[in-house]
Amino acid sequence: MKIHEYQAKEILKKFGVAVPKGRVAFTAEEAVEVAKEIGGSAWVVKAQIHAGGRGKAGGIKLAKSIEEVYDYAKNMIGSKLVTYQTGPEGKIVRKVLVEEALNIQKELYVGVTLDRSTSRNVVMVSSEGGVEIEQVAMESPEKILKEYVDPKVGFMPYQARRLAFGLGLDGEAFKNAVKFLLALYKAYEETDASLAEINPLILTTDGQVLALDAKMNFDDNALFRHPEIVEMRDIDEEDPLEVEASKYNLNYIRLNGNVGCMVNGAGLAMATMDLIKLAGGEPANFLDVGGGAKTETVEQGFRIILSDPNVKAILINIFGGIVRCDRVAMGVVEAAKKVGVNVPVVIRLEGTNAEEGARILKESGLNFIVANGFKDAAEKVVNVLKELGIS
């Protein structure tokens, strides 16, 4: 689950992570009130959406007067912000974060996440703050310093000191950076976050180390332990089809292709998308109906796939183990009858009750294309699109 920058900073403050003075505002008038509360002579007005690249897209403005705070907030709230992460469709800005303007001496980077190759959390820092970390990793990997965390002892002070030293900090700035890193890791671990990223982490001219920006993502499977974080969910920032899928415990992610996929099991789903790509097609979604899917679950999954106007064909790839192929077939038939199918559907069923599933499909009276094997299914769905003149 993702949250907004202002929400991430609220969480971080509770763990002693230094952040600028600021507060969220939902109207231009409220933005002015926040600026007056903060005091000073300059403020930063920041659009709050679940996407990076806001500054380059005009979503972050430095206001040097109360009048500018009002104007920037008024222009942002209700507008559509298009960044490299939102895609051309952009996102509607519904709120802004108003913060104190700071005298920045240096911009740095820090991130905490799970390194799956080592099965350990890793704390990463870089002197190249304000730049996408992927770009730094590609162009200057030596500028990324890492400390892997032993789960038995946690993130140790000596590791924080080593990272702060590697950033070239000394004196008061060094001490503040060590304190910052230890507090950030504690926040990451105790909230069951999957990512805590500060970009940029700033060093001010008076030696302060603060999170100028903050991004936190959370492990969905641990949210039952954090109802206060669940309350921060902003459905307006999520894809409507993904929100709908979550109501039925479906693992659904919308993609940019035109081949809808319904699969049971995350590994099989990813392999299915790979084979579609190898056959020359583009998957429109990731959809895992789960190992114990019921007829209703399959029906809802089929309906959600068909709700995407980009889907021009569907590939259903089921390996019957816990979930039976006949149950899947019944769900597909019921959904097809209720929703109405106007695109080709290729189905591959293997495993438990596969023959019964095939019989249900055959007797349904619906025009399904049955595949004989995994590879054959991917090739059939791509070929049917080619026959329709769709690439």
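This report covers the salt bridges of a predicted model.

## Overview

The structure contains 24 salt bridges.

## A buried pair across the chain

Glu99 and Lys46 form a salt bridge, with 3.9 Å between the closest N and O atoms. This pair connects distant parts of the chain. Glu99 belongs to strand E6 (residues 96-100). Lys46 belongs to strand E2 (residues 43-47).

Glu99 has a relative accessible area of 2%, so the residue counts as buried. Lys46 is also buried, because its relative accessibility is 4% and the cut-off is under 20%.

## The network

Glu99 and Lys46 also belong to a network of salt bridges.

## A pair within helix H13

Lys380 and Asp376 are joined by a salt bridge, their closest N and O atoms lying 2.8 Å apart. Both residues sit in helix H13 (residues 374-387). They are 4 residues apart, so about one helical turn separates them.

Lys380 is partly exposed, at 27% relative accessible area. Asp376 is partly exposed too, at 21%. Buried would require a value under 20%.

## A pair with an exposed lysine

Glu244 and Lys247 meet through their side chains in a salt bridge, at an N to O distance of 3.2 Å. Lys247 has a relative accessibility of 58%, so this lysine counts as exposed. The cut-off for exposed is over 50%.

Conventions. Residues are numbered from 1 along each chain as its sequence is written. This is a predicted model: local features need pLDDT of at least 70, side-chain atom pairs count only at pLDDT 80 or more; totals for chains, interfaces and linings use all residues. Side-chain values use heavy atoms; hydrogens and water are left out. A salt bridge is a side-chain nitrogen of Lys or Arg within 4 Å of a carboxyl oxygen of Asp or Glu. Helices (H or I, at least four residues) and strands (E, at least two) are DSSP runs, numbered from the N terminus. Buried means under 20% relative accessible area, exposed over 50%, partly exposed in between (1.4 Å probe, protein chains only).
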